Amino acid sequence: QALHNNDSSLIDYCFSVEDEELIANTVNKLQESKLVGLVDKIVERIDLNKSNFYPLIWLKYTLHYHSKFLIKRPDTASKLAPLISLLEKRTMSFDQISRLKGKLDMILSIEDDLKRKK
């Protein structure tokens, strides 16, 4: 209904829902004619507020249930490009941070062992 009426406040309310089961059921029942509009709204909301990742839960289930439909559409890649770029930037340093954390954990573990042996 929010997509059909293009009701921004209702769309924002929907994107604030944290109940993944409810989101999954809603997205699963969504008509294909509404999917492109949903993807547009997800990208738009993330672009407006880059720290609000609740719409990504909607995207997760949209891709899960409707990827066959979206893959067939030639405009899907271009619609998702800004979101892909944002996620790439957010995860770029993940490997480095993970390696640093692993090394730090190892050093702290060795120090704990040495203290216990004294």
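User: How do you know that the side chain of Arg-45 reaches the backbone oxygen of Ser-8?

Analyst: The distance is 3.5 Å. A polar contact is a pair of N or O atoms within 3.5 Å; within protein, one must be able to donate a hydrogen and the other to accept it, and residues adjacent in sequence count only if both atoms are side-chain atoms. Arg-45 and Glu-44 also meet, side chain to side chain, at 2.5 Å. This is a predicted model: local features need pLDDT of at least 70, side-chain atom pairs count only at pLDDT 80 or more, and totals for chains, interfaces and linings use all residues. Residues are numbered from 1 along each chain as its sequence is written, and side-chain values use heavy atoms, without hydrogens or water.

User: Why is Arg-45 called buried?

Analyst: Its relative accessibility is 8%. Buried means under 20% relative accessible area, exposed over 50%, partly exposed in between (1.4 Å probe, protein chains only). So Arg-45 counts as buried. Beyond four places in sequence, its contacts (heavy atoms within 4.5 Å) are Ser-8, Ile-11, Asp-12, Phe-15 and Pro-55.

User: What makes a set of residues a nonpolar core, and which have the most contacts inside the largest one?

Analyst: The members are buried Ala, Val, Leu, Ile, Met, Phe, Trp, Tyr and Cys residues, joined through side-chain atoms within 4.5 Å. The largest core has 24 residues, with the most contacts at Ile-23, Ile-42, Trp-58 and Leu-83. Helices H2, H3, H4, H5 and H6 each supply at least two of its residues. Ile-42 touches Trp-58 and Leu-83, among others.

How values were computed: Helix = DSSP H or I, 4+ residues; strand = E, 2+ residues; numbered from the N terminus.
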